[in-house]
Amino acid sequence: RPMSLPSRQRAIQIVEVGPRDGLQNEKAVLEPAVRVELVQRLEAAGARRIEAVSFVHPKYVPQMAGAEEVMAALPLSAGRSRIGLVLNGKGYDRALGTGVDEVNVSVSATDGFGLKSQGLSVVQQGEMLEAILAGRRNAEGEPGATPSLSVTISCVWGCPFDGEVSVDQVADLVGRIGALGVIEIALADTIGVADPWAVTRKVEAARKAAPDAVLRLHFHD
């Protein structure tokens, strides 16, 4: 007989990020049609939420070029959600022009990583996120104008440029994002340095900082 568990423990949902986070780290650049096939094969295997594309400049991440083509070849499908990653307002606007079901806005827990990957400090990334959310509020009521939005915080367990990241840093950032009304926040171990004890501490701190948000965890081996 199934155990009686608290509501937040009743199900674990997997968000497949291979077509984005996996492929962008490979030297080979796959054509959009091949990436579409990968998404479709993952869905055939049972994946229901997939980070399918990234709306970044192809000059910096050529593996993610043609995001619009990929999404155009993935028609809406009931019970399936295709997610587009964005790093800034321009990427968000590109995402709105496609059929993404969700937008995942990436921000960093550290200035070092934020400046390197997005050209924005932590404070500037917060301003960018606020601007995106303000635009969403202005678009409310327009059918299809605002796909659901989540935020991923990178380098939660360590930064290749700034080193250690404290629990307080993470809790403060999660609290500020939660206060903006973001309903799902992902904590990412971008460089693969987390251990079980550090994970427990930061997840507990994040839950306290944004009790109404769903937490998603992104790990690397």
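1. Let's start with H218. Leaving out residues up to four places away in sequence, H218 touches V17, R20, D21, L187, A188 and D189, where contact means heavy atoms within 4.5 Å. H218 sits in strand β7, residues 214-218; helices (H or I, at least four residues) and strands (E, at least two) are DSSP runs, numbered from the N terminus. With a relative accessibility of 17%, H218 counts as buried. The cut-offs are under 20% relative accessible area for buried, over 50% for exposed, and partly exposed in between, using a 1.4 Å probe and protein chains only. The side chain of H218 also makes a polar contact of 3.0 Å with the side chain of H220. A polar contact is a pair of N or O atoms within 3.5 Å; within protein, one must be able to donate a hydrogen and the other to accept it, and residues adjacent in sequence count only if both atoms are side-chain atoms.

2. A word on the model before going on. This is a predicted model, in which local features need pLDDT of at least 70 and side-chain atom pairs count only at pLDDT 80 or more, while totals for chains, interfaces and linings use all residues. Residues are numbered from 1 along each chain as its sequence is written, and side-chain values use heavy atoms, with hydrogens and water left out.

3. At the other end of strand β7 you will find V214. Is V214 buried or partly exposed? At 47% relative accessibility, V214 is partly exposed. Its contacts, not counting residues up to four places away in sequence, are I183, E184 and I185. V214 and S150 are 64 residues apart in sequence, yet their C-alpha atoms are 9.4 Å apart in space.

4. Beyond its neighbours within four places in sequence, I185 is in contact with V151, I153, V174, I177, G178, A210, A213, V214, L215 and R216. I185 also belongs to the largest nonpolar core, which has 48 residues; V105, I153, I177, I185 and L187 touch the most other members. A nonpolar core is a set of buried Ala, Val, Leu, Ile, Met, Phe, Trp, Tyr and Cys residues joined through side-chain atoms within 4.5 Å. Helix α6 (residues 122-138) gives this core its largest share, five residues. Another core, of six residues, lies apart from it and includes L23, M64, L85 and L87.

5. Which helices would I look at together? The axes of α7 and helix α8 (residues 196-209) come within 8 Å and cross at roughly 30°. Here axes are lines fitted to C-alpha atoms, for helices over the stretch in contact, and angles run from 0 to 180 degrees between N-to-C directions. The two helices, α7 and α8, are therefore roughly parallel to each other, since angles under 35 degrees count as roughly parallel, over 145 as roughly antiparallel, 65 to 115 as roughly perpendicular and the rest as oblique. On the α7 side the contact is made by V167, V170, A171, V174 and G175, and on the α8 side by R201, K202, A205, A206 and A209.

6. The loop between β5 (148-154) and α7 (167-179) holds E164, and C155 is found in the loop between β5 and α7 too. E164 is exposed, at 72% relative accessible area, whereas C155 is buried, at 0%. Please check the backbone at C155: its phi is positive, about 60°, although C155 is not a glycine. Most residues other than glycine have a negative phi. E164 is 29 residues from V193 in sequence and 10.0 Å from it in space, C-alpha to C-alpha.

7. R82 counts as buried, at 4% relative accessibility. The R82 side chain reaches the backbone oxygen of L74 at 3.3 Å. Setting aside residues up to four places away in sequence, R82 touches E43, I50, A52, M71, L74, P75, L76, S77, V100, D101 and E102.

8. Last, a glycine in a helix. G91 lies in helix α4 (residues 89-96) and is buried, with a relative accessible area of 3%. Apart from neighbours within four places in sequence, G91 is in contact with F55 and V86.
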